[in-house]
Amino acid sequence: MYLFEIQKTRLWWIISFSVILFLTTINHSNAVETINVGIVLDGPVKREFLPLNQIIKEVQDLNAGEFNIVFPKDKIRHGNWQATEINSQLTDLLADPTIDLIIANGLVSSHQASRIKNLNKPVIAPIVADRELQELPYQTPGVSGKRNYVYISDNRTVGDDLRNFYELVEFKNLGIVVDKLFLDSLPQLTGVTREVQSELRFDITLIPVVNNLDEAIVEMSPSIDAIYVPPLLRFNDEDFKRFAQGLISKKIPSYSLTGRNELRMGILATSSGRDLDTLRYARRIALLSQSILIGTNAANLAVALEQPEKLAINMHTAKAIDFSPKWELLEVTDLLFRESMEDKGETYNMVSAIRKAIDANLSLQIDRLDLRLAEDDVTSTRSALLPQLSIGANTRQTDKDTARFSGVEQTTDSSISLSQTIYSETQRSGYIVAKFLRDAADENLRQNILDIISASSTAYLQLLSAMASEEVRRSNLDVTETNLELAETRLKIGTSDRADVLRWQSQLATDRRNLYSAESTREQAQTRLKQILHLPLAEPMSVTDEGISEQLIILDSERFSRFFDTPRNFNTFVEFEVQRALDNAPELKSAEYIVASNERRLKAAKRAYYIPDVSLNAQYGQNINRSGVGSNSSQLEDEDWSVGVEASLPLFTSGARKSAVSSASNELQQSRYNKENIYEQIESRILIALQQASGSYPGIRLSKNAAKAAKENLDLVIDSYSKGVVSITDLIDAQNASLAANLDAVDAQYQFMIDWIEVQRAVANFDLILTTDGFDQWYQALNEFYATKK
């Protein structure tokens, strides 16, 4: 029994020790290995080609959980832009026992690493200008074949860049501004372009720079008509911008090897360096580091990184140097600062466009002249009721024989006449009717001003809508181009067939055609607005959506939306707006003036039966001179005068008075019907406008939600397509759905604003848009109206 207890105790200790040993082994196997990474830069980089922070992030993120990647600060070295020092830093890190992996993040350091015979630890060289030019090691099937060395090459060559540049600008003498360090380290650069030179027949001038980039501009030969710009990373942004501006001032086109960032600083063109390209490089570095750390020899890792080429042009620079790209290039080119393609001219917001239309529109000029003519009629008819004074003179010659028996042979007389209408129903009625018609013309002018405000603001919103739709089409084209690149990549790696590529090429052509159509629609909308504003059709102009969002915010506020929350509130709101429309409508007021004028005409026609026209007439005459036979007669008077009152009333007019009464009566009845018809039209117009606006208003929110959902779906389908999970048909359907949703969102926003403009026109008041306190005044009146309905 005792022996059994001893054995039992010993067995317990053996089991416990085994468990502890097993757990220790498991914990040890799960321990994350720390990897120290050294980095060699060519010099103190002032403009990063591959941002170091991005590289560190991608490497650490990808290897998290497997390796603890550390980038010791004292192991991030640079060679001070000296080839010997760059080589020394590489040698030091290779000899450093604490460093497990080296990233040569510089053009020269990447190149120098390839020249070190025996690399005792892995080196990743991500920056390569031209694999063939640099004579980097390369073996089938696309690997370096050099122990512990891998680089990244996008298979583009300097020759490819020069061909692209030449297609854009047919230069004769190309200057290449190159860092002297690169020129010394890569002597092959001087000969790399011979094939292209021979093919395209242009000359090359190398312009080496060291510490002063401004010297390149100063020392540039006048014969140079284009500049190619390899990486100039030792110079900061201000240095490079000044250099680019110097090229612009000389009107010299330029082309960057580095990419888009240098375009933003003033270089004309590039075919590389998109933000996505930089991310791809950083992630490739991360993948290479992972493969190396799990045991793959760097010599056996693929060096190619397919980067789709896409020409990009800085249109601001193009305009500054008087360069205009060909249409076929514009179709396939990314355009930075696209707005520089056209002169903006004067910029209008909606309010300034409305005011311009009111001041300059030709239709309104015609209407203003109509009002002046009506005012002239008032003056003319009034003058008939006022005294009429005239003077006269006459001279008469009579033959002597006649003068002996009657008169004088020669006489000259003068006279002055005065007439005053005491009462004339016709003239008095004409004056009163003219005043009514003048007031009607005034209301017609106000009506036409409201129509022009409505037309100009609607045309303005239609132009904004066309511009927004064009941008949606342009963004959709970018998505199609990205999907085409994805399909081409899948074809190269064998996960897709050529049918997908052809389908995307077809879709790309369709999307470009639709973009051209959208551009045409925008141009037509701009022409319509110019016509309303009475601007020269060839004169440039631009518009801004300033104020539109503020209007939408106001209309989306609780102060406004509560009037739509119940049928009762909406009906009260409609009643308020209808009353405002009836109070404000110039059409109704004009109709009232026409009715009043016809009533006065009828009254005058009836009075013509029994009220005579009464007038006062007076005349005074004086002889100025007499001569010849009879001039001395004592019977002749030197002065004569007369005063009289005349009253006349037609007794028989052959039915003219009866016809006048009938005509006036019919015109009066017609004008009354017209007034009633206008009344109904105003009521129905405001009601329809409010119903339209209440229907389109929710569409803004719903269409935005639809566009957001469609975008999320498209992103998911694109990701699935890249992994081969869904077909190209699914992706095209998702993209088309996203396009339609985005177009609907644009249309919904501007359609509601157009509907809201129609509400303002129906109410005949645009204070909500044209005045700063218009909304507050309207809201106060609306609240007061609601209070009377409770």
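Helices here are DSSP runs of H or I with at least four residues, strands are DSSP runs of E with at least two, and both are numbered from the N terminus. The model is predicted, so local features need pLDDT of at least 70 and side-chain atom pairs count only at pLDDT 80 or more, while totals for chains, interfaces and linings use all residues. Residues are numbered from 1 along each chain as its sequence is written, and side-chain values use heavy atoms, with hydrogens and water left out.

Select Arg338, Glu470, Glu471, Arg474 and Arg522 to begin: among the 45 lining residues of the largest pocket, these lie nearest its centre. A pocket is an open set of points on a 1 Å grid over the protein atoms alone, where a 1.4 Å probe fits, with protein on both sides within 12 Å along at least five of seven lines; lining residues have an atom within 4 Å of a point. The volume of this pocket is about 1,400 Å³, counted as the space filled by probe spheres set on the points, which are joined across faces, edges and corners.

Next, colour helix 19 (425–493), one of the elements giving two or more residues to this lining; its twelve residues are the largest share. The lining divides into 17 nonpolar (Ala, Val, Leu, Ile, Met, Phe, Trp, Tyr, Cys, Pro), seven polar (the others, Gly among them) and 21 charged residues (Asp, Glu, Lys, Arg).

Then move to Arg280, Leu305, Glu306, Leu486 and Thr489, which lie nearest the centre of the second largest pocket, with a space of about 830 Å³. Helix 19 again supplies the largest share of the lining, eight residues, and helix 2 (52–63), helix 13 (275–293) and helix 25 (656–722) each supply at least two.
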